[in-house]
Amino acid sequence: MTSTGPMLASRHGGSMQASAAPGGPLRTAGRARTGGEGPPASAPSARSGQPAGPHRPGEVARHAESRGATSPFSIANLTSVDSQFRSDGPFAPVGPVRPVDLGGPGGGLAPIGPGAFRPAGDLNERPSPAGVYDALLGGTAHRRVDRRSALAILLAWPDAPAAARAMKDFLVRAVRFAARNGVNQFLALGGGAGTVDPVHEVACAVAPESQTVYVEPDPLVIARSLPDIRDRQVALVQADVSRPAEVLRHPGVLAHLDVTQPIAVVMVPGLPEIADHEEPREVLRGYREATARGSLLLFSQLCDEGSARGLRALFERAGQPGAPRPHEQTVELVSTWEPIEPGLVPAEEWNAPDERVHPHFGRLPVYASVGWH
């Protein structure tokens, strides 16, 4: 098999060391971090006379894709890869993009979310990671207590909405990558079923037969989300995400997913509800052992560095003891699965091996990786 490592390494900046195991996929330890504020030297620049944007001139934006029977790459059978990843060009976002409005009257802080939306609920409730994440994205799947926690994070860390969007954009690209390459079963842990660009909508836009199960440990989140679940290809179950074997044996999971076939385990935004003493590395290892060969891990993590340094106590008060984590710990977490190029990199930089590289800046302390086993 001809190695695509040098070619892909060049496309992603040339700083990664790729190696190919006999009969297995290319691996990489990830890309070295830089402290610069601008794009790397290898980032593509717009040519004179060509319009900026994600599409080529004259190209119509696509909102659904066909995997096609002739795809040379199959996640379910990575050991038989015999050609380079195919390139289908750029892809349009799935669903509406709802930016967060930070400019209130007189330059003050405006409420997070669409102007007409007023979240319900009691401020004495416990905030949920999924609800806070949705509020930072400008969605409508959160409660008053989630918005209050999101505003507290925003006041201390103005980059929070941009970081949430970077995670979401990575999620969209990674789910499309999985669905295009034969993995059409998704187990989404704690990311929220009703937030902006949910996993099931992104997956079904590529592979209409996709099945998605959302796992939430909080019964209040379950109760709030159930009215929004009307698709037979989507399920929402209550389970402790820190117990992989129990999750994969849950009747609601078994009713929708075939655990003998590859599953994409989605951990975006990471595992913020799992504290260090709960051994998050063993949790990731447990999902690897409980899923079939060819399964994927879609993972992102806010790291304790840059503009997010020193914010861990604030996130703990928001019900997220696992965010942010040290970068070194994040490397250990993703190493429990075999990384697919480009490995662990800033979320803005992550591109699927069969996707076109897009411009990025890499200034946010949010990292992402896709692994397999």
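This is a predicted model: local features need pLDDT of at least 70, side-chain atom pairs count only at pLDDT 80 or more; totals for chains, interfaces and linings use all residues.
Trainee: Why is the contact between Asp218 and Arg126 called a salt bridge?
Mentor: Their side chains come to 3.7 Å, N to O. The cut-off is within 4 Å. So the pair counts as a salt bridge.

Trainee: What makes the pair a tie between parts apart in sequence?
Mentor: Asp218 lies in the loop between strand 4 and helix 6, and Arg126 in the loop between strand 2 and helix 2. The parts are 92 residues apart in sequence, so the pair ties them together.

Trainee: Why is Asp218 called buried?
Mentor: Its relative accessible area is 9%. Buried means under 20%. So Asp218 is buried.

Trainee: And why is Arg126 called exposed?
Mentor: Arg126 has 56%. Exposed means over 50%. Therefore Arg126 is exposed.

Trainee: How do you know that Asp169 is partly exposed?
Mentor: Asp169 has 31% relative accessibility. That value falls between the cut-offs of 20% and 50%, so Asp169 is partly exposed. Its salt-bridge partner Arg165, at 17%, counts as buried.

Trainee: What separates Arg165 and Asp169 in helix 4?
Mentor: About one helical turn, because they are four residues apart. Their salt bridge has an N to O distance of 3.2 Å.

Trainee: What makes Arg165, Asp169 and Asp197 one network?
Mentor: Asp197 also forms a salt bridge with Arg165, at 4.0 Å. Asp197 lies in the loop between strand 3 and helix 5, so this pair ties together parts 32 residues apart in sequence. Salt bridges that share partners join the three residues.

Definitions and conventions. Residues are numbered from 1 along each chain as its sequence is written. Side-chain values use heavy atoms; hydrogens and water are left out. Helices (H or I, at least four residues) and strands (E, at least two) are DSSP runs, numbered from the N terminus. Buried means under 20% relative accessible area, exposed over 50%, partly exposed in between (1.4 Å probe, protein chains only).
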